[in-house]
Amino acid sequence: MAPRPQYPIETERLRLRPFTRGDVDDVFSYRSLEEVARYLFDPPLSREECALAVQQRTTQTGVEDDGDRVILAVESRDGGPVIGEVSLILRSRDARQGELGWIFHPQSQGRGLAFEAAQAMLSLAFGVVELHRVFARCDALNEPSWRLMERLGMRREAHFREHGLFKGRWDEEFIYAILAREWAKQVL
Ligand SMILES: CC(C)(COP(=O)(O)OP(=O)(O)OC[C@H]1O[C@@H](n2cnc3c(N)ncnc32)[C@H](O)[C@@H]1OP(=O)(O)O)[C@@H](O)C(=O)NCCC(=O)NCCS
């Protein structure tokens with residue numbers, strides 16, 4: 001296991017890199033939007049909250065212990081602002097389990113960019129981080145998110161019915177997952 005991967009990670013169209021303090025305005029441009037926050041635990045963020053989040057993210061670049069997270073800024077390889085973020089949380093070092101997450105600016109959705117960035121994070125998770133299983137979860141109403149999980153080859157493992165309250169209504173949650181050997185088969 002290499003808990004501190006090498007950055008940046010480049011894909012066909014994207015560059016994934018650690019956050020820097022100069023990213024606050026870019027992050028504010030999407031994390032302040034109601035439509036982005038709808039299915040996130042956080043409400044739309046103020047600029048001050050974005051500044052704090054970015055400050056925390058600048059050091060979230062490696063996973064060593066349970067709960068550690070890698071959160072990377074996503075930008076176009078052609079330059080321009082940060083268009084989103086992808087995350088990998090180490091849920092169990094012993095059992096090599098991780099959780100993926102993604103948030104993109106609405107202007108950068110619908111073009112397969114989140115898919116491309118998430119694929120890179122799965123490569124990282126099953127490559128240098130040597131995880132055994134990666135899962136992701138979302139609100140059952142968040143169709144763009146669970147469709148992305150299905151495009152990545154993840155299996156729907158659970159549908160929790162009304163298991164909690166989320167923003168004033170019953171929460172319905174999907175859990176999707178993929179094993180290292182399933183990922184290896186599909187990238188061959
Ligand atoms: C969840 C989220 C990241 C999904 O983003 P997205 O852009 O829909 O996801 P993808 O990158 O997979 O793009 C999918 C779309 O691009 C299209 N596409 C175009 N080119 C493509 C390509 N080269 N590869 C894959 N898909 C491509 C797909 O057909 C699909 O379109 P469709 O929705 O009309 O079927 C986004 O909705 C988001 O940021 N939401 C707000 C935050 C949030 O809820 N995060 C998740 C919390 S659990």
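Tyr7 touches Pro18, Thr61, Val70 and Leu72, leaving aside residues up to four places away in sequence. This picture comes from a predicted model, in which Tyr7 sits in the segment before strand E1 (9-10).

- The peptide bond that joins Tyr7 and Pro8 is cis, with omega at about 0°, and Pro8, like Tyr7, lies in the segment before E1.

**Backbone at Arg96**
- Arg96 is placed in the loop between strand E4 (82-92) and strand E5 (97-104), and its phi is near 50°, a positive value in a residue other than glycine.
- For context on these two backbone features, most residues other than glycine have a negative phi, and most peptide bonds are trans.

**Packing of H1 and H3**
- Helix H1 (residues 24-31) packs with helix H3 (residues 47-57) at an angle of about 120°, and their axes are 9 Å apart.
- Because angles from 65 to 115 degrees count as roughly perpendicular and those over 145 as roughly antiparallel, the angle of about 120° makes H1 oblique to H3.
- The crossing in which H1 passes H3 is right-handed.
- On the H1 side, Val24, Asp25, Val27, Phe28 and Arg31 make the contact, while H3 contributes Arg47, Cys50, Ala51, Val54 and Arg57.
- Sorted by class, the contact of H1 with H3 has 6 nonpolar and 4 charged residues, with no polar residues.

**Surroundings of the ligand**
- The ligand is surrounded by 21 residues, of which the closest are Trp102, Phe104, Gly110, Arg147 and Arg151.
- Arg147, one of these closest residues, has an N or O atom in its side chain that is 2.7 Å from an oxygen atom of the ligand.
- The side chain of Asn142 likewise places an N or O atom 2.9 Å from an oxygen atom of the ligand.
- At Arg111 the backbone is involved, with a polar backbone atom 3.3 Å from an oxygen atom of the ligand.

Note on methods. Residues are numbered from 1 along each chain as its sequence is written. This is a predicted model: local features need pLDDT of at least 70, side-chain atom pairs count only at pLDDT 80 or more; totals for chains, interfaces and linings use all residues. Side-chain values use heavy atoms; hydrogens and water are left out. Axes are lines fitted to C-alpha atoms, for helices over the stretch in contact, and angles run from 0 to 180 degrees between N-to-C directions. Helices (H or I, at least four residues) and strands (E, at least two) are DSSP runs, numbered from the N terminus. Angles under 35 degrees count as roughly parallel, over 145 as roughly antiparallel, 65 to 115 as roughly perpendicular and the rest as oblique. A crossing is left-handed if the near helix is turned anticlockwise from the far one by less than a right angle, and right-handed if clockwise. Contact means heavy atoms within 4.5 Å. Ala, Val, Leu, Ile, Met, Phe, Trp, Tyr, Cys and Pro count as nonpolar, Asp, Glu, Lys and Arg as charged, and the others, Gly among them, as polar. A residue is near a molecule or strand if one of its heavy atoms lies within 4 Å of it. A polar contact is a pair of N or O atoms within 3.5 Å; within protein, one must be able to donate a hydrogen and the other to accept it, and residues adjacent in sequence count only if both atoms are side-chain atoms.
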